[in-house]
Amino acid sequence: MESIVIDDADIRLLELLQADASRSNQTLAELAHLSPPTSLRRIKRLRQLGLIEREVALLSTDKLAPLIGSGLTALVEITLERQGAEYLDAFEARVLPTPEVQQCYRVSPGPDFMLVVHCTDMPAYLALAQQLFTSDANVRNIKAFFSLKRAKFEPRLPLSRLRGPGAA
């Protein structure tokens, strides 16, 4: 794996993009204390390095609820009967293309996977659980926790530890 080297200016740009990726390059450059061409060049490099995976819009679930319904969010623990790499990979390959599966983590210790699933309602969740989990002979245990309230959702990564001593 290639060694990645970034400096404080790169970290400032990453932090600014995490807060609001819709800002113009001119605004980003000003806030990062860079010239616009330098900002553009650095952001392009950060994308090429894979540090910026993608840029998305975060939608307001509360404001969309009257249009699409509040939906149902479940945190789902999955334990497989057999945990060999081929079985773990097969489970991932089945759940990853499913739009209702918003996040999928391999975890340890305890269950093999933790999923964040969002469905329109309980019947939709039950159909999804049947399709993805119950019909899989290798799924030994499913434990679902249903969200009553989302108190925090912050997809930012803390980058402050990357800064050198005395950096602003």
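Predicted model: local features only at pLDDT ≥ 70, side-chain atom pairs only at ≥ 80, totals over all residues.
In which loop is the place of asparagine 138?

**View 1. Asparagine 138 and its surroundings.** Asparagine 138 has its place in the loop that lies between helix H6 (122-134) and strand S4 (139-146). With a relative accessible area of 7%, asparagine 138 falls under the 20% limit and is therefore buried. When the neighbours within four places in sequence are left aside, the residues in contact with asparagine 138 are Thr79, Leu80, Glu81, Arg82 and Tyr87.

**View 2. The crossing of helices H1 and H3.** Two packed helices are described by the angle between their axes together with the distance between those axes. For H1 and helix H3 (residues 36-48), the axes come within 10 Å and cross at roughly 80°, which makes H1 roughly perpendicular to H3. On the H1 side the contact is made by Ala9, Asp10, Leu13, Leu14 and Leu17, while H3 brings Ser39, Arg42, Ile43, Arg45 and Leu46. Sorted by class, the residues of this contact of H1 with H3 comprise six nonpolar, one polar and three charged.

**View 3. The crossing of helices H2 and H3.** The axes of helix H2 (residues 25-32) and H3 come within 8 Å, with a crossing angle of roughly 100°, and the two helices are therefore roughly perpendicular to each other. The residues that make this contact are Asn25, Gln26, Leu28 and Ala29 of H2, together with Pro36, Ser39, Leu40 and Ile43 of H3. The contact of H2 with H3 has five nonpolar and three polar residues, and no charged residues.

**View 4. Histidine 33 in the loop between H2 and H3.** Most residues other than glycine have a negative phi, and most peptide bonds are trans. Histidine 33, which lies in the loop between H2 and H3, has a phi near 60°, a positive value in a residue other than glycine. The relative accessible area of histidine 33 is 66%, a value over the 50% limit, and histidine 33 is therefore exposed.

**View 5. The peptide bond from serine 108 to proline 109.** The bond that joins serine 108 to proline 109 is cis, and its omega is near -5°. Proline 109 is found in the loop between S2 and S3.

**View 6. The largest pocket and its lining.** About 2,300 Å³ of space lies in the largest pocket, and 49 residues line this pocket, with Val56, Leu58, Gln103, Phe153 and Pro155 lying nearest its centre. At least two residues of the lining are supplied by each of helix H1 (8-19), H4, strand S1 (72-80), strand S2 (101-106) and strand S3 (113-119). H4 gives the most to the lining of the largest pocket, with five residues. The lining residues divide by class into 26 nonpolar, 13 polar and 10 charged.

**View 7. Lysine 63 in helix H4.** Lysine 63 is found in helix H4, which covers residues 61-68. Its relative accessible area of 68% is over the 50% limit, so lysine 63 is exposed.

Methods: Residues numbered from 1 in each chain as written. Heavy atoms only, no water. Helix = DSSP H or I, 4+ residues; strand = E, 2+ residues; numbered from the N terminus. Buried < 20%, exposed > 50% of the residue type's maximum accessible area, 1.4 Å probe, protein only. 1 Å grid on protein atoms, 1.4 Å probe; cavity = no way out; pocket = protein on both sides within 12 Å on 5 of 7 lines; lining within 4 Å. Points joined across faces, edges and corners; volume = space filled by probe spheres on them. Nonpolar A, V, L, I, M, F, W, Y, C, P; charged D, E, K, R; others polar. Axes fitted to C-alpha atoms, helices over the stretch in contact; angles between N-to-C directions. Parallel < 35°, antiparallel > 145°, perpendicular 65-115°, else oblique. Contact = heavy atoms within 4.5 Å.
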